[in-house]
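Visitor: I would like to be walked through a structure that is new to me, one question at a time.
Guide: Then let us look at the sequence and the structure together.

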Amino acid sequence: MKTITFLGTVLFALAVAGASTAARADSPRNAVTPLKAYAQECSTCHLAYPPGMLPARSWQKIMGGLDKHYGSDASLDAATVAEIAGWLQVNAGTYKRVREQPPEDRITRAEWFVHKHREIAPSIWKLPSVRSAANCAACHTGADKGRFNDDNLQVPAGVPAHLRRAWND
């Protein structure tokens, strides 16, 4: 009996360790396999942002206000909202830099985002090839797969030579 209990404990510990490793791999710097409904519904208007980029409370507020989603009506049927909201809650960011809700629950206003993009001139966000700070794919070639590291950067069209240094740091 003690052997079975010990083996159960070991198996449980291994499972927890594996889950912990998986949680770390699901940070916004790494790909998270998106929920099909989330990818389908959210990417029709913008990048289906990795859920780890915002804390659970932000996702809860966003999903609770889809009829006024940043100036647009993004309403969905109740079943789809419940499915997406549940997935976002499970996969929301919990690590240090995303624990606090950013102003207006906007990724682009999060302290970590502002710090990371501090050298980008305001005029860059207005370029036709960029359009806004929310258009991650304008610079991050792996954004659609949840990859935002500096190895996957491209300089968007129209950036003047004297401003290109922000992409070379």
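Predicted model: local features only at pLDDT ≥ 70, side-chain atom pairs only at ≥ 80, totals over all residues.

The questions and answers below go from the overall fold to single residues.

Visitor: Which residues of helix H3 are buried, and what covers them?
Guide: Helix H3 spans residues 56–64, and its buried residues are Ser58, Trp59, Ile62 and Met63. Seen down the axis of H3, these buried residues fall within an arc of 125°, so they line one face of the helix. What covers them includes helix H2 (36–42) and helix H4 (78–91).

Visitor: Which residues touch the most other members of the largest nonpolar core?
Guide: The core has 37 residues, and the elements that give two or more residues to it are H2, H3, H4, helix H5 (111–116) and H6. Tyr49 touches Tyr38, Trp59, Ile107, Ala134 and Cys136, when residues up to four places away in sequence are not counted. The core residues that touch the most other members are Tyr38, Tyr49, Trp59 and Ile124.

Visitor: How many aromatic pairs are found, and why is the pair of Tyr38 and Trp59 edge-to-face?
Guide: A search of the whole structure finds 4 aromatic pairs. Tyr38 lies in helix H2 and Trp59 in helix H3, so this pair ties together parts that are 21 residues apart in sequence. Both Tyr38 and Trp59 are buried, and together with Trp87 they form one aromatic cluster. Their ring centres are 6.4 Å apart, and planes over 60 degrees apart count as edge-to-face, so the deciding value is the angle of 90°.

Visitor: What are the planes of Phe113 and Trp125 like, edge-to-face or tilted?
Guide: Phe113 lies in helix H5 and Trp125 in helix H6, so the pair ties together parts that are 12 residues apart in sequence. Phe113 is buried, with a relative accessible area of 6%. The ring centres of Phe113 and Trp125 are 6.3 Å apart and their planes are at 35°, so the pair is tilted.

Visitor: Where is His117, and is this residue buried or exposed?
Guide: The place of His117 is in the loop between H5 and H6, and, not counting residues up to four places away in sequence, His117 touches Trp125 and His140. The relative accessible area of His117 is 17%, and the limit for buried is under 20%, so the residue counts as buried.

Visitor: Which ring does the charged end of Arg97 sit over?
Guide: The charged end of Arg97 lies 4.1 Å from the centre of the ring in question. That ring belongs to Trp112.

Visitor: What is the separation of the C-alpha atoms of Ser123 and Leu163?
Guide: Ser123 has its place in helix H6 (residues 122–125), and at 43% relative accessibility this serine counts as partly exposed. Although Ser123 and Leu163 are 40 residues apart along the chain, their C-alpha atoms are separated by 9.8 Å.

Key:
Residues numbered from 1 in each chain as written. Heavy atoms only, no water. Buried < 20%, exposed > 50% of the residue type's maximum accessible area, 1.4 Å probe, protein only. Helix = DSSP H or I, 4+ residues; strand = E, 2+ residues; numbered from the N terminus. Arc of directions from axis to C-beta. Contact = heavy atoms within 4.5 Å. Core = buried A, V, L, I, M, F, W, Y, C linked by side-chain atoms within 4.5 Å. Phe/Tyr/Trp six-rings, centres within 6.5 Å; stacked < 30°, edge-to-face > 60°. Lys NZ or Arg CZ within 6 Å of the ring centre and 35° of its normal.
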